[in-house]
Structures are given as structure tokens and as C-alpha cells.
Amino acid sequence: MANTSSAKKATRVAARRAVINKNRTTRVRSTVRKVEEAIASGNKGAAEAALKAAQPELMRGAQKGILHKNAASRKVSRLAKRVKAIK
């Protein structure tokens, strides 16, 4: 248990940030999953729309520290490549 008032505050702040980060992570994963599902269904229009929604979420996640900037760019690039490959 924290002894100093600053350590107690730090644990409160960390708990608050953990909830926010969990929500952001969930939102990023959900949007990516929607793109994956649209690709699996073979619906190019839905996949493009889902990718258009997922791209800013991934970049926002990178900006907020949820995932690395290069990892977000790589995910967007690979998803875009797969969407483009749909007949």
C-alpha cells in the first residue's frame, strides 16, 4: 500500500488511466475486427467502409500510446491491401 500522499494520488491516476486505455484498446480492436469480418464475407463495399472507420481509430490509438505508430501504420497498410484484393 502507498504511504505518501503523492503515491496514493499516483495509484488513483493510474487506475483512471487504465480504464481509459482499456476503452481505447477495445475500440481499436473492435474496428479492426469489423474490417476482418467484412473481408471474410467478401463484401468489398462494407470492407472499404469499415477500413475507413478503422484507420482513424488505429492512428488515434498510436497517438494516444495504445500501440506504436509503425504498428498502426503496418496494420492499416495490410488491411488496405487485403481490402483491395477482394474481387
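Modeller: Glu57 has a relative accessibility of 14%, which is under the 20% cut-off, so Glu57 counts as buried; please keep in mind that this is a predicted model. Glu57 forms a salt bridge with Arg27, and the closest N and O atoms of that pair are 3.1 Å apart. Because Arg27 lies in helix 1 (residues 5-41) while Glu57 lies in helix 2 (residues 44-63), this pair ties together parts that are 30 residues apart in sequence. Arg27 itself counts as partly exposed, at 39% relative accessibility.

Glu57 also forms a salt bridge with Arg60, where the closest N and O atoms are again 3.1 Å apart. Arg60 and Glu57 are three residues apart in helix 2, which means that about one helical turn separates them. Arg60 is partly exposed, its relative accessible area being 37%. Taken together, Arg27, Glu57 and Arg60 are linked in a network of salt bridges, and within that network Glu57 is buried, whereas Arg27 is partly exposed, as is Arg60.

The structure holds four salt bridges, and one of them joins Arg33 to Glu37, with the closest N and O atoms 3.6 Å apart. Arg33 and Glu37 are four residues apart in helix 1, so the separation between them is about one helical turn. Here Arg33 counts as partly exposed at 44% relative accessibility, and Glu37 likewise counts as partly exposed, at 47%.

Key:
Residues numbered from 1 in each chain as written. Predicted model: local features only at pLDDT ≥ 70, side-chain atom pairs only at ≥ 80, totals over all residues. Heavy atoms only, no water. Salt bridge = Lys/Arg side-chain N within 4 Å of Asp/Glu carboxyl O. Helix = DSSP H or I, 4+ residues; strand = E, 2+ residues; numbered from the N terminus. Buried < 20%, exposed > 50% of the residue type's maximum accessible area, 1.4 Å probe, protein only.
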